[in-house]
Amino acid sequence: MGSGNGTELNLTLKVWRQKNTKATGSFETHQLTGISTDMSFLEMFDVLNEKLISEGKEAIAFDHDCREGICGMCSMYINGRPHGPKQGVTTCQLHMRSFKTGDTIVVEPWRSGAFPVIKDLAVDRSAFDRIIASGGYISVNTGNAQDANNILIPKTDADEAFGAAACIGCGACVAACKNSSAMLFVSAKVSQLALLPQGQVERKERVLKMVAQMDEEGFGNCTNTGACEAECPKGISLENIARMNRELMGATFK
Amino acid sequence: MSKLDSKIPEGSIEQKWTKYRSSIALVNPANKRSLEVLVVGSGLAGASAAATLAEAGYKVKVFCFQDSPRRAHSIAAQGGINAAKNYQNDGDSTYRLFYDTIKGGDYRAREANVHRLAEVSTSIIDQCVAQGVPLAREYGGLLSNRSFGGTQVQRTFYAAGQTGQQLLLGAYSALQRQVGSGNIELCHRHEMLDIVTIDGVTRGIIARNLITGEMEKHFGHAVLLCTGGYGNVFYLSTNAMGSNVTAAWKAHKKGAFFANPCYTQIHPTCIPVSGDHQSKLTLMSESLRNDGRIWVPKKKDDTRKATDIPEEERDYYLERRYPAFGNLVPRDVASRAAKERCDAGYGVGKSKMAVYLDFAFNTARYGKTEATKRNLHNPSQEEIMRLGKEVVKEKYGNLFDMYQQITGENPYEVPMRIYPAVHYTMGGLWVDYNLMTTVKGLYALGEANFSDHGANRLGASALMQGLADGYFVIPYTLGVYLSAEVTRMSAEKDKSDSIDKLKTKHPAFETALKEQTDLINKFLNIKGTKSVESFHKRLGLIIWNKCGMARNKQGLLDAIAEIQALRKEFWSDVRVLGTANEFNPDLEKAGRVADFIELGELMCKDALNREESCGGHFREEHQTEEGEAKRDDVNFAYVAAWEYKGVSEWELNKEELKYENIKIAQRSYK
């Protein structure tokens with residue numbers, strides 16, 4: 001049933017296996033047959049894991065949760081691209097109809113010193129949480145707010161802020177970057193709050209703190225390659241990085 | 001005497017909360033610093049509660065099983081959040097939101113809680129905007145609203161089709177701000193496995209560090225379960241893969257009553273199942289029913305393409321059956337109507353288990369308006385549709401993209417095919433007006449509790465309730481208990497073996513830790529032949545078929561027997577590989593499925609007990625001639641709160657529902 005045209009794929013999968021953070025990892029090869037083109041990429045992994053368990057082998061660990069492209073948990077580096085070959089989708093929204101029978105698919109975890117591998121394809125992205133904790137907020141305690149319509153925000157500003165706020169924090173930008181830079185992630189939050197009137201009070205302090213934390217976490221520098229934007233599943237724009245650089249200049253040289 | 005005391009304050013409904021809030025005992029700032037609160041779950045309820053309590057000065061620890069608190073499943077809520085702001089000047093008010101919610105819940109929710117929810121709804125919007133949540137705006141800079149099911153006003157605030165994401169990121173940023181200030185300790189990739197009680201009072205939790213497998217003891221003066229719903233008991237649902245009932249269920253087994261487990265919400269507009277490989281279902285937001293019209297062909301087994309079926313041969317069955325609310329009837333009504341058409345042979349698609357959600361009519365309407373705005377005279381049909389699509393794209397772009405990713409079809413060109421799917425659970429841990437469960441010091445917030453939505457939740461009300469509980473209710477009501485804790489601590493301060501001195505060194509923690517460690521080893525030592533996943537799938541099928549959109553006595557009796565057999569098989573033949581001391585997702589899932597199996601049995605038992613139809617609970621034996629749900633207010637106007645007595649044994653406790661402000665009536669959307 002469903003939309004599929006009923007085709008089935010036979011695939012070779014080369015998957016990164018790594019016992020834990022300290023262990024040395026390596027690729028493991030698996031053959032899969034009869035994969036429906038209607039399956040999502042992660043459902044293909046479910047099939048593989050069920051097969052492994054039935055053979056008495058440990059399942060491959062990978063991160064996933066909502067499976068509708070919004071939680072940002074899934075994080076596979078597929079054939080050399082974060083979230084695989086399709087533009088604008090997360091791994092969970094990638095479907096097998098994007099592949100051909102006979103394909104060899106190479107799957108790795110995000111590669112970045114700031115995202116240590118926990119096991120197999122799962123990595124630790126808590127560095128992102130610490131960057132937000134350093135300043136990615138507006139300091140307003142619960143109960144202090146004025147009526148929401150007292151703050152007028154031009155629709156274009158609200159839309160632009162929303163565009164930046166749509167970041168799902170998956171880390172594909174870091175995985176895509178040859179320098180492992182987190183500039184796109186950090187600049188999306190800096191931009192969202194800099195574009196809104198509510199964010200003005202802490203504007204300078206915010207960018208200084210967040211950039212300092214970003215550097216401390218060991219992310220690399222930005223060299224304007226643009227791979228982050230190209231691979232971002234939510235289309236977060238490079239303009240955010242330009243804006244953050246301006247914000248940083250403005251905050252540094254008073 | 002009933003074991004349940006709902007602690008509803010005296011006074012008129014409008015005054016209850018305001019008066020009560022002002023009379024709750026306070027905890028002074030110095031004492032707050034010595035009180036520890038454990039918050040389990042980091043969705044809207046958990047994140048907002050944790051942030052607000054930390055702002056107030058309590059010592060807070062937050063636990064989430066995901067790699068970051070920002071990933072909690074509230075993130076996936078699409079359509080919007082209700083608030084009685086009356087910004088549209090269309091007759092909205094606190095009373096109307098209160099009334100709509102009670103009626104929408106089919107007169108099975110607690111009046112006082114729902115009124116409080118409606119009262120605080122407006123403050124939520126203010127708070128979120130102050131945090132920088134980019135809610136949708138009109139050109140004049142004011143906030144925009146849209147309609148949702150079960151209401152005739154526009155009170156839903158939204159951020160495209162990503163409202164949950166934006167609200168959660170707002171609450172998450174407030175939480176992270178407190179983490180950065182050292183007021184919250186964040187324990188990500190941690191799963192709560194049990195609560196620790198001493199003499200019937202909650203004193204902490206046992207959690208497993210999911211990366212290292214280490215079992216940990218955490219002390220707290222109060223524990224807040226903000227762990228969401230149990231929709232994944234059905235295996236296929238719109239919930240995230242990790243969403244589970246374990247925390248709530250373990251609490252239930254330690255004395256927290258579980259209320260109305262059979263009240264589950266089947267959402268009418270989801271992408272249909274595409275095959276046996278299906279791992280989850282994806283919702284298409286209710287907001288789409290603002291502009292999408294639902295129909296099936298008038299002819300049975302019509303195999304023509306949707307676009308080839310002329311207007312007069314289409315049955316817009318919701319508009320036909322419910323002219324007053326049309327496509328915006330509540331979810332339970334819309335879901336049953338879809339099932340009725342499909343069961344009768346009018347379904348579409350290969351499976352025949354789908355109906356159309358069609359945007360062509362309103363795309364054309366928007367296109368015409370745009371053409372007029374732009375002074376285009378006599379625009380062509382193509383021009384109109386092109387302009388209309390731009391408007392539709394701005395409103396629902398991300399949902400249309402998602403639909404296309406999953407199905408491979410373009411919904412701008414052909415109608416969506418949709419079918420109902422499990423989405424939300426109204427049932428949950430029983431709580432009193434303070435949100436405390438039947439275990440002292442243990443609270444349940446958001447979807448994890450039962451209190452506000454009765455037998456059916458209205459769209460855009462889950463976000464409202466999660467944030468109401470976390471931002472504006474618990475910060476006050478927790479004081480009732482914690483102020484008494486301060487008194488107790490002071491009285492026991494010279495006692496060498498007081499819990500405040502021993503904390504996790506108290507032997508009760510060691511006992512609980514050992515129990516949970518043994519349980520983990522038990523899973524690993526069964527060494528059976530069948531995967532955890534396969535048991536979950538089988539459980540889901542039993543519940544979907546016999547305790548899903550329609551239920552009957554025989555089916556429920558069969559389901560109970562089947563689930564009991566499945567439980568025995570699970571504990572003798574499940575295969576869990578790997579070890580306890582490592583990152584082991586399969587082992588995590590084994591624990592969750594074990595709990596779902598037990599919950600599944602209670603759901604069926606509750607559905608069997610409730611010999612009436614109401615909201616999401618539809619007993620085939622109890623329907624009107626037109627096939628609408630038939631309540632029995634004489635015998636069932638109560639909350640069924642189940643007390644755990646041992647394997648497959650529960651005792652029913654009833655909380656009578658009193659309607660003093662709303663006249664109980666048959667629910668009609670005609």
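This is a predicted model: local features need pLDDT of at least 70, side-chain atom pairs count only at pLDDT 80 or more; totals for chains, interfaces and linings use all residues.
Reader: How many residues of chain A are in contact with chain B?

Author: The size of an interface is often given as the accessible area lost when the parts come together. Here the count is of residues in contact: 71 of chain A and 69 of chain B.

Reader: Which elements of chain A supply at least two residues each to that side?

Author: Among them are the helices α1 (41-54), α2 (126-135), α3 (155-165) and α5 (183-195). The strand β6 (117-119) also belongs to this group. By class, the side of chain A that touches chain B has 33 nonpolar, 23 polar and 15 charged residues.

Reader: What does the largest nonpolar core contain?

Author: A core of this kind is a set of buried residues joined through C-beta atoms within 7 Å. The largest one has 287 residues. Those with the most contacts inside this core include Val40(B), Leu224(B), Val355(B) and Tyr443(B). Helix α12 (residues 462-491) of chain B gives the most to the core, with 13 residues.

Reader: Which residues does Val355(B) touch?

Author: Leaving out residues up to four places away in sequence, Val355(B) touches residues including Ile294(B), Trp295(B), Val296(B), Ile418(B) and Tyr419(B). Arg341(B) and Cys342(B) are also among them.

Notes: Residues are numbered from 1 along each chain as its sequence is written. Chains are lettered from A and ligands numbered from 1 in the order in which they are written. A residue is buried if 20 or more other C-beta atoms lie within 10 Å of its own, exposed if 12 or fewer, and partly exposed in between; C-beta atoms are placed from the backbone. Helices (H or I, at least four residues) and strands (E, at least two) are DSSP runs, numbered from the N terminus. Two residues are in contact if their C-beta atoms, placed from the backbone, lie within 7 Å. Ala, Val, Leu, Ile, Met, Phe, Trp, Tyr, Cys and Pro count as nonpolar, Asp, Glu, Lys and Arg as charged, and the others, Gly among them, as polar.
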